[in-house]
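I wanted to go through this model with a plain list of things to look up.

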Amino acid sequence: MVTKEYEMVKILEVCKHGATKTQLTLIVSISYRRLRRIMAELVDRRFLRFLASREVYITTHRGYLFLDKLKKENFVFAR
C-alpha cells in the first residue's frame, strides 16, 4: 500500500521542475480528489507554491529542505 508520505515526496520531486495538477495525477497515479487534499497540505506547510504566470506548482526551498531531511533519515522512497 502506498503511504501518504510517499505520495507527498513523489509530488515534491515531480514539482521540482513545475507541474500541473493533471500532470501530477498521471505521474503520481492518484485520484484528483486525493491529489487536491495532499497538495492543500503541502501548500499550507509552504512546501509547494503555485506560479500563476506558468500555471504550475513548484517545490519551494522549504520543500527541498524537507526532502533533504527525509533522505538523511533514510526515508524509503520506494513503494
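My entries follow, grouped by topic.

**Ground rules**

I am working with a predicted model, where local features need pLDDT of at least 70 and side-chain atom pairs count only at pLDDT 80 or more, while totals for chains, interfaces and linings use all residues. Numbering starts from 1 along each chain as its sequence is written, and side-chain values use heavy atoms, with hydrogens and water left out.

My helices (H or I, at least four residues) and strands (E, at least two) are DSSP runs, numbered from the N terminus.

I started with the helix pairs. Two packed helices are described by the angle between their axes and the distance between the axes. My axes are lines fitted to C-alpha atoms, for helices over the stretch in contact, and the angles run from 0 to 180 degrees between N-to-C directions.

How do α1 and α4 cross? I found that the axes of α1 (residues 4-14) and α4 (residues 61-72) come within 10 Å and cross at roughly 130°. That makes α1 oblique to α4; the scheme calls angles under 35 degrees roughly parallel, over 145 roughly antiparallel, 65 to 115 roughly perpendicular and the rest oblique. The crossing of α1 past α4 is left-handed, meaning that the near helix is turned anticlockwise from the far one by less than a right angle (clockwise would be right-handed).

Next I listed the contacts, with heavy atoms within 4.5 Å as the criterion. From α1 I got V9, L12 and E13, which meet G63, F66, L67, L70 and K71 in α4. By class, this α1 and α4 contact has five nonpolar, one polar and two charged residues. The classes put Ala, Val, Leu, Ile, Met, Phe, Trp, Tyr, Cys and Pro under nonpolar, Asp, Glu, Lys and Arg under charged, and the others, Gly among them, under polar.

I also looked up L67, which lies in α4. Is L67 buried or exposed? L67 is buried, at 1% relative accessible area; buried is under 20%, exposed over 50% and partly exposed in between, with a 1.4 Å probe and protein chains only. L67 and V9 sit 58 residues apart in sequence, and their C-alpha atoms are 7.0 Å apart in space.

**Helix α3 and its partners**

I took α1 with α3 next. Their axes come within 10 Å and cross at roughly 75°, and that makes α1 roughly perpendicular to α3. On the α1 side I noted K4, E7, M8, I11 and L12, meeting R34, L35, I38, M39, E41 and L42 in α3. The residues here divide into seven nonpolar, no polar and four charged.

Then I checked α2 (residues 21-28) with α3, whose axes come within 10 Å and cross at roughly 110°. α2 is therefore roughly perpendicular to α3. K21, L24 and T25 of α2 make the contact with Y32, L35, R36 and M39 of α3. I count four nonpolar, one polar and two charged residues for α2 with α3.

**Aromatic pairs**

How many aromatic pairs does a search of the whole structure find? I got two. Rings of Phe, Tyr and Trp (its six-membered ring) pair if their centres lie within 6.5 Å; planes under 30 degrees apart are stacked, over 60 edge-to-face and the rest tilted.

F47 and F66 have ring centres 4.6 Å apart and planes at 20°, so I logged the pair as stacked. F47 lies in the loop between α3 (32-44) and β1 (48-51) and F66 in α4, so the pair ties together parts 19 residues apart in sequence. F47 is buried at 6% relative accessibility, and F66 is buried at 18%.

F50 and Y57 make a tilted pair, with 4.9 Å centre to centre and 55° between the planes. F50 is partly exposed at 43%, whereas Y57 is buried at 15%.

**Loops**

Most residues other than glycine have a negative phi, and most peptide bonds are trans. I noted S29, not a glycine, with a positive phi of about 60°. S29 is in the loop between α2 and α3 and is exposed at 52%.

R46 is not a glycine either, and has a positive phi of about 65°. I placed R46 in the loop between α3 and β1, exposed at 54%.

My last stop was T60, in the loop between β2 (56-59) and α4. What does T60 touch, not counting residues up to four places away in sequence? I found R46, F47, L48 and R49. T60 is buried at 15%.
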